[in-house]
Every structure is written in C-alpha cells, then in structure tokens.
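Thanks, everyone. Please have the sequence and the 3D view open while I talk.

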Amino acid sequence: SVDAVILPSYGSVVGTSFSDYNQGIDSYAYAGEKYLRLGTVLCKIVGGTLAGKFAPYGSVTNLGGGTLSKAKGDMFILNRTVFEKASGSDHGPVIQEGDVFKARLVQNGTGAADTLAGPTLAEFNTAFPAILFVEV
C-alpha cells in the first residue's frame with residue numbers, strides 16, 4: 001500500500017555503471033543514469049536548500065547543507081524503481097508498513113550501513129516496526 005508520495009533528491013545518487021536490462025533493479029537502465037531502486041530506504045532531508053526532499057539512507061554528501069532525519073515519519077521505503085529523468089520521478093510512491101519481500105529491500109543485514117547497501121537489518125527493523133517480512 002502507498003502511504004505517501006515523496007520528493008527525492010538525486011544529488012547523492014551515483015549514476016549506473018551498467019547498461020540495458022539489469023536483474024538487480026528488474027528494469028532497464030543506461031550507463032550514467034541515476035535511479036532509486038525499489039526497496040530503497042529514503043530519509044527526509046532537514047535544513048539546507050533541499051529541506052523536505054528525501055535521499056537514500058546513509059547519504060552524507062550533496063544534501064544541500066542539510067542532514068538526514070531518521071525520526072519516525074521521516075523514513076520511507078520506495079515502492080517502485082524511479083529513474084531521475086523519467087516522467088513522475090520527482091514523486092516516488094513509498095510505504096512504511098505492510099507485507100514486503102525481504103529480498104527486495106535495500107538493507108545490509110549485519111554489515112555496516114551505507115548509501116548503496118542501506119541500513120543494517122537491525123536499523124531497518126527499528127525504523128519500520130510495522131513491516132512484516134514475506135518469504136517465498
């Protein structure tokens with residue numbers, strides 16, 4: 001279910017290094033294209049010129065002088081892959097609760113949290129207590 005529609009900031013997103021169809025994002029992407037993958041945890045940017053927009057969990061650069069809020073209500077899970085230059089890419093659909101496939105989430109298990117790998121599983125579970133994992 002879609003809880004909200006957010007305004008992503010692509011400044012902290014690295015362009016792709018692959019081209020054409022990519023199984024990891026289950027979509028087409030071209031070399032250098034910026035996108036946010038389905039299952040990416042996004043945090044609200046507070047302060048600075050990008051205040052009110054969202055960036056991937058763990059982002060520390062290109063936040064327009066702001067910082068990421070990890071407060072309840074300021075974190076969401078992207079519900080579909082969104083490409084920077086695609087129509088509607090500035091309003092990505094997100095969720096905060098419900099049933100999700102754990103394999104589709106961008107989370108780093110027990111490793112260190114970072115922009116590409118997302119939060120650790122423990123951080124994810126703390127931020128989203130209403131998420132129920134579905135296994136296939």
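Let's begin with Gln107. Gln107 has a relative accessible area of 19%, so this residue counts as buried. The cut-off for buried is under 20%. Keep in mind that this is a predicted model. Where does Gln107 sit? Gln107 is in the loop between strand S11, residues 98–101, and helix H1, residues 121–127. Now look at Gly118. Gln107 and Gly118 are 11 residues apart along the chain. Their C-alpha atoms are separated by 4.5 Å.

Next, the overall layout. Starting at the N terminus, the order is β-β-β-β-β-β-β-β-β-β-β-α-β. The chain holds 136 residues, and 40% of them count as buried.

Now the core. In soluble globular proteins, nonpolar side chains tend to be buried together. Here, the largest nonpolar core has 16 residues. Which residues have the most contacts inside it? They are Ile77, Phe124 and Phe128. Two elements give two or more residues to this core: strand S5, residues 41–46, and S8. S5 gives the most, with three residues.

Stay on S5 for a moment. Val41 lies in that strand. Its relative accessibility is 2%, so Val41 counts as buried. Val41 and Asn79 are 38 residues apart along the chain. Their C-alpha atoms are separated by 9.8 Å.

Move on to the loop between S5 and S6. Gly52 is found there. Is Gly52 buried or partly exposed? Gly52 is partly exposed, because its relative accessible area is 30%. Asp74 is 22 residues from Gly52 along the chain, and the two C-alpha atoms are separated by 9.5 Å.

On to the rings. Rings count as a pair if their centres lie within 6.5 Å. By that rule, there are three aromatic pairs. Take Phe54 and Phe76. This pair is edge-to-face, 5.5 Å centre to centre, with 70 degrees between the planes. Phe54 belongs to strand S6, residues 54–56, and Phe76 to strand S8, residues 75–78, so the pair ties together parts that are 22 residues apart in sequence. Phe54 and Phe76 are both buried.

Now Phe124 and Phe128. Their ring centres are 4.9 Å apart and their planes are at 40 degrees, so this pair is tilted. Phe124 and Phe128 are both buried. Ring pairs also bring in Phe133: Phe124, Phe128 and Phe133 are linked into a cluster. Recall that Phe124 and Phe128 are among the residues with the most contacts inside the largest nonpolar core.

Two lysines lie over rings. Lys102 is over the face of Phe133, at 5.4 Å from the ring centre. Lys70 is over the face of Tyr57, at 4.4 Å from the ring centre.

Last stop, the second largest pocket. How much space lies in it? About 200 Å³. The lining is made up of 13 residues. The closest to the pocket centre are Lys72, Gln96, Ala127, Phe128 and Pro129. The lining divides into six nonpolar, three polar and four charged residues.

Phe128 is buried. Phe128 pairs with Phe124 in a tilted arrangement. Phe128 is also one of the residues closest to the centre of the second largest pocket. That's my tour; over to you.

Notes: Residues are numbered from 1 along each chain as its sequence is written. This is a predicted model: local features need pLDDT of at least 70, side-chain atom pairs count only at pLDDT 80 or more; totals for chains, interfaces and linings use all residues. Side-chain values use heavy atoms; hydrogens and water are left out. Rings of Phe, Tyr and Trp (its six-membered ring) pair if their centres lie within 6.5 Å; planes under 30 degrees apart count as stacked, over 60 as edge-to-face and the rest as tilted. Helices (H or I, at least four residues) and strands (E, at least two) are DSSP runs, numbered from the N terminus. Buried means under 20% relative accessible area, exposed over 50%, partly exposed in between (1.4 Å probe, protein chains only). A charge sits over a ring if NZ of Lys or CZ of Arg is within 6 Å of the ring centre and within 35 degrees of the ring normal. On a 1 Å grid over the protein atoms alone, a cavity is a set of points where a 1.4 Å probe fits but cannot get out, and a pocket is an open set with protein on both sides within 12 Å along at least five of seven lines; lining residues have an atom within 4 Å of a point. Grid points are joined across faces, edges and corners, and a volume is the space filled by probe spheres set on the points. Ala, Val, Leu, Ile, Met, Phe, Trp, Tyr, Cys and Pro count as nonpolar, Asp, Glu, Lys and Arg as charged, and the others, Gly among them, as polar. A nonpolar core is a set of buried Ala, Val, Leu, Ile, Met, Phe, Trp, Tyr and Cys residues joined through side-chain atoms within 4.5 Å.
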